[in-house]
Structures are given as C-alpha cells and as structure tokens.
Protein chains: 2
Amino acid sequence: MAMEKKTAAVIVIGNEILSGRTHDVNTNFIAKAMTAKGIQLTEARVVPDDFDLIIEAVNLMRERYDYVFTTGGIGPTHDDMSAEAIARAFGVKLVQHESAYQMLLDYYKDESKLNDARLKMTYLPEGSDMIINKVTGAPGFKIGNVYAMAGVPKIMQAMVESLLPSLAGGVKIYSISVTVNLVESQIADILQKLEEDNDGVEIGSYPSFKDGIGKVSAVIRGPDKEKLEHVSKALQHAFIDLGGSILEVKEL
Amino acid sequence: MAMEKKTAAVIVIGNEILSGRTHDVNTNFIAKAMTAKGIQLTEARVVPDDFDLIIEAVNLMRERYDYVFTTGGIGPTHDDMSAEAIARAFGVKLVQHESAYQMLLDYYKDESKLNDARLKMTYLPEGSDMIINKVTGAPGFKIGNVYAMAGVPKIMQAMVESLLPSLAGGVKIYSISVTVNLVESQIADILQKLEEDNDGVEIGSYPSFKDGIGKVSAVIRGPDKEKLEHVSKALQHAFIDLGGSILEVKEL
C-alpha cells in the first residue's frame with residue numbers, strides 16, 4: 001500500500017464563474033473524488049479567460065502539487081484558451097493530434113463538417129496525451145502532471161472518472177463527523193486538546209445556524225480509523241458532559 | 001460617474017471546501033454582488049487552514065486587486081486562523097479590540113460567559129476596523145483593502161451587504177445572454193468576429209447539454225448598453241441564418 005502523501009490542485013478557468021453567472025460545481029466533484037482516492041486537494045483557484053493568469057496558475061501549481069486539474073476553456077470558441085495557455089506554460093507548441101482528429105471525425109462522421117472551429121480542438125500541446133470526451137468530441141489532454149478537462153460538469157465528471165484509475169492514491173483519509181447542539185465557543189478547548197493529544201488526527205469545526213439555533217459539526221480526520229473512533233467517543237462524552245445532545249454521528 | 005476599473009479577489013479559507021465536505025457558495029454570492037456594483041472579480045482561491053498558504057494568497061491579492069474578501073476562519077476554534085494569518089501578512093500583532101469585546105459582551109450579556117475561546121474573537125489585527133456580526137457576535141475585520149468575513153454563508157452575506165455602500169464601484173458592466181439551439185463549433189466564427197468588430201464588448205460562450213441535446217448561451221458583456229443591444233440583435237440574426245432557433249434572450 002502506497003503511504004506517501006499525494007496532493008492535487010484545481011484551476012477553474014472561466015469568466016462566467018467570476019461574474020457570478022455560473023456556479024462552480026467542478027471543484028466540489030474533484031474534491032470528493034480526490035478525498036476518496038486518498039489524494040489531498042490542497043488549493044483551488046478560479047481564474048478568468050486570461051493567458052497570463054492561467055499560465056501563472058498552471059506553472060505554480062504543477063511545481064507544487066502531484067496533480068493539477070484544470071476545467072474549462074477547451075472548446076471551439078475564441079474564449080476557449082486553455083490549450084494555448086497550457087502549451088505556453090510548458091513552453092511547447094500546439095500541434096494537431098492525429099487521434100484528436102480521428103475522434104472528431106468519428107463524432108461528426110463527415111470530413112466536410114470539420115470547420116475551422118472544430119479543427120481548433122484537434123490542436124493540443126505537443127507531447128500531451130488526449131483525454132477522451134464521448135459527449136461532444138472535444139478532447140481534454142494531459143501534459144506532465146496537468147490534466148486539462150472540459151468545463152461542462154457532466155463531461156468533466158466523465159473525464160475524472162476515466163482518469164481516476166491512472167492516479168496513484170496516497171494515504172486513505174477517513175472522517176467521522178459528530179454534530180452537537182452546542183456552539184463553537186463552548187467546545188473550542190476540547191477540540192484543541194483532543195487534536196493535540198492524538199497525533200495524526202485533525203479536527204475541524206463547522207458551525208451552522210437554522211432559525212437562530214446554532215449547532216456544530218466536529219469533523220475528525222486521519223488515516224487511522226481506530227484512532228478516529230476513539231476520538232469520536234471521547235468527543236461525544238465531553239459534549240454530553242457539557243450539557244449537549246449528540247444530533248448525529250456519521251462516517252464520511 | 002466613476003469610470004475607473006475596480007477589481008476584487010476572493011480567498012475562501014477552509015479545509016472543508018477542499019475535502020469536498022462543504023460546497024463553497026460564498027464565491028458566487030460575492031461574484032454577483034461585485035458584478036452588480038461594477039467591480040470586476042478577477043480571481044478566487046480556496047486555501048486550506050494553513051498559515052503559509054493564507055499569508056501567500058493575502059499578500060499577493062492585496063497588491064494586485066482593489067479589494068480582497070476572505071471568508072472563513074474567524075471563529076473561536078483552533079482551526080480558525082484567519083485573524084492571526086492576516087495579521088502576519090500585514091506584519092502587525094493581534095490586539096484586543098475594545099469594540100469587539102463590547103460586541104461580544106452585548107451578545108452574551110454576562111462577562112463570566114466570555115471564556116478564552118470567545119475572548120479569542122476579540123483579538124483582531126492591529127489597525128483593523130471591526131465588521132459587525134449580529135448573528136453570532138464573532139466580528140469580521142477590515143485591514144487595508146482586505147475584508148475578513150465569516151465562512152457561514154448567512155453571516156458572510158450580511159457582512160457583504162453592510163460593506164457594499166462603502167466600496168467604490170467601477171464601471172457598471174451590463175450583460176445580455178442569447179441562448180440558441182446550436183453548438184459552439186457552428187457559431188465560433190460569428191462570436192469572434194462580433195467581438196473583434198465591437199470595441200469594449202466581450203462575448204463568452206457557454207455550452208450546455210440536456211438529454212444529449214446541445215445548446216449555447218452567448219453572453220455579451222460591456223459598459224455600453226446600447227452597443228450590447230446592437231450586438232445582441234446581430235447575433236440573433238446570424239443564429240437564425242444558420243438555421244438555429246433563439247431559445248431565450250435575457251438581460252442579466
């Protein structure tokens with residue numbers, strides 16, 4: 001079992017997220033997929049359709065993390081600039097990929113339908129491998145540790161599913177969430193003490209409010225499942241001693 | 001009317017977003033608020049509860065953009081490190097704010113209830129101004145051009161609403177969205193040509209798929225409303241000439 005820690009980053013590319021028109025759902029999907037795989041998603045960025053900002057993010061992230069996933073900007077229109085930007089980040093040219101051309105031809109059936117806009121999608125950074133897109137024919141690509149995927153959630157999700165088996169997972173991290181009808185400032189000391197006393201266990205605290213009533217979920221995370229269960233029990237006892245009621249205990 | 005372009009960035013602070021447990025909704029709220037105000041949200045980042053990554057993001061963003069909004073990490077628990085991290089980013093100390101103490105006392109009514117965890121929330125970076133939080137008493141703060149706000153969406157939203165009047169708006173940007181039952185590769189040339197021919201107009205292209213049927217929304221954005229309407233009409237004519245049906249025209 002690989003025990004090395006693996007890390008990842010997401011770069012969401014697109015003005016529509018930053019203008020508020022579109023709500024990004026891709027980061028959450030990738031976050032869950034990485035967590036399940038034992039890979040730690042460590043940063044996420046949303047950048048506009050802007051060469052400089054895309055290149056900056058790609059070059060920083062690919063140095064810093066094991067895997068970098070970009071979403072958006074691989075289509076046929078003028079605002080789709082991910083392939084060009086990522087090629088520039090790697091200092092390579094865009095070249096027509098035979099396999100991408102074939103995929104598009106299979107999709108459109110007829111060579112006369114491959115207009116300039118469609119042909120644009122057959123040009124990928126030199127040295128990259130194609131990521132197949134059965135939904136619309138526009139391929140994603142992998143270059144180095146960077147995976148450039150579609151922005152449309154359904155396509156992006158299919159691409160991630162197809163990539164997952166090829167990624168080396170790290171340490172599998174388990175989580176238990178304990179929700180109680182207390183407020184954070186009542187339980188802060190307990191959380192801190194239990195985290196300090198249990199190496200390799202991380203405890204996050206997530207308050208929420210409904211109709212003015214506060215509750216908190218303490219999320220215990222770590223690679224050692226038995227230790228998590230021990231901490232979970234200790235937390236529940238401490239919450240009860242403070243006068244709280246346990247609302248939910250859930251393995252995530 | 002102020003015509004200078006104003007820019008903003010968001011830093012979402014919290015492991016829970018990166019593990020996939022929580023879906024970030026704050027970026028979209030801030031994006032819409034900025035767009036309405038004529039401020040261009042130019043970057044968004046999600047960083048974990050990690051001093052180095054928070055400090056890096058804060059220092060880069062506050063240099064680069066007019067306004068920086070952080071969400072998350074201002075509560076009483078050990079994983080709430082925004083105040084300390086932002087103080088370090090600015091090279092100042094955390095000091096107890098009289099007004100924050102008073103706000104907490106007003107909230108809890110009784111001095112004996114101000115335990116260490118609650119008192120932690122009265123310490124803000126030296127030289128910062130408090131942002132009021134009527135929901136839970138934990139104040140946000142403003143230092144320089146950085147606005148540190150709660151992560152809980154309802155509280156964050158109240159904080160943004162209260163701040164908006166104090167922000168200098170830039171150029172108001174209007175948007176018209178034209179949705180058609182064509183696919184991107186059919187309309188790519190038209191979009192590019194219309195954008196090139198109309199200075200100050202930006203056209204984004206957002207494909208979507210439902211039950212295998214593709215459609216595209218072309219979003220025309222710019223400060224000159226009349227020009228947008230001209231481009232919108234030109235687009236609709238071109239889409240019809242291509243055999244498409246206009247599904248929706250909407251001012252955003």
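A residue is called buried here when its relative accessible area is under 20%, exposed when that area is over 50%, and partly exposed in between, with a 1.4 Å probe and protein chains only. By that criterion Asn15(B) is buried, with a relative accessible area of 18%. This is a predicted model, in which local features need pLDDT of at least 70 and side-chain atom pairs count only at pLDDT 80 or more, while totals for chains, interfaces and linings use all residues. Residues are numbered from 1 along each chain as its sequence is written, chains are lettered from A and ligands numbered from 1 in the order in which they are written, and side-chain values use heavy atoms, with hydrogens and water left out.

**Chain A in outline**

- The secondary structure of chain A comprises nine helices and 12 strands, where helices (H or I, at least four residues) and strands (E, at least two) are DSSP runs numbered from the N terminus.
- Along the principal axes, the C-alpha atoms of chain A fill a box of roughly 75 × 45 × 35 Å, and 55% of the 252 residues in chain A are buried.
- Among the contacts in chain A with a separation of 6 or more, residues 24 or more positions apart account for 70%, a contact being heavy atoms within 4.5 Å.

**Relation between the two chains**

- The same surface serves both copies, since 100% of the contact residues of chain A recur in chain B.

- An open sheet of 12 strands, with mixed pairing, runs in the order β6(A)-β7(A)-β8(A)-β3(A)-β1(A)-β2(A)-β2(B)-β1(B)-β3(B)-β8(B)-β7(B)-β6(B), two strands being paired if DSSP finds at least two bridges between them.
- Its edge strands are β6 (129-131) of chain A and β6 (129-131) of chain B, each of which pairs on one side only, and the twist averages 20° from one strand to the next.
- Within chain A, strands β7 (residues 140-143) and β8 (residues 146-149) pair in the antiparallel sense over three bridges, and Lys142(A) stands opposite Tyr147(A) in β8(A).
- Helix α4 (residues 82-90) of chain A lies across β1 (6-13), β3 (67-71), β7 and β8 of chain A and runs at about 5° to β7(A), with axes taken as lines fitted to C-alpha atoms, for helices over the stretch in contact, and angles running from 0 to 180 degrees between N-to-C directions.

**Strand β9 of chain A**

- Six of the seven residues of strand β9 (residues 174-180) of chain A are buried.
- β9(A) runs antiparallel to strand β11 (residues 213-222) of chain A, to which seven bridges join it, and Val180(A) stands opposite Val216(A) in β11(A).
- β9(A) also pairs in the antiparallel sense with strand β12 (residues 246-251) of chain A over five bridges, with Val178(A) opposite Val249(A) in β12(A).

**Nonpolar cores**

- The largest nonpolar core has 56 residues, of which Phe69(A), Met149(A), Phe69(B) and Met149(B) touch the most other members; such a core is a set of buried Ala, Val, Leu, Ile, Met, Phe, Trp, Tyr and Cys residues joined through side-chain atoms within 4.5 Å.
- A second, separate core of 47 residues includes Val68(A), Ile143(A), Ile13(B) and Ile86(B).
- Leaving aside neighbours within four places in sequence, the contacts of Met149(B) include Ile30(B), Phe69(B), Ile131(B), Met156(B) and Leu163(B).

- Asn15(B), in helix α1 (residues 15-18) of chain B, touches Glu202(A), Tyr206(A), Pro48(B) and Asp49(B), not counting residues up to four places away in sequence.
- Glu184(B), in helix α8 (residues 184-197) of chain B, is buried with a relative accessible area of 9%.
- With the same exclusion of residues up to four places away in sequence, Glu184(B) touches residues that include Gly75(A), Pro76(A), Asp80(A), Tyr206(B) and Val216(B).
- The side chain of Glu184(B) makes polar contacts with the side chains of Thr77(A), at 3.4 Å, and Ser205(B), at 2.5 Å; a polar contact is a pair of N or O atoms within 3.5 Å, where within protein one must be able to donate a hydrogen and the other to accept it, and residues adjacent in sequence count only if both atoms are side-chain atoms.
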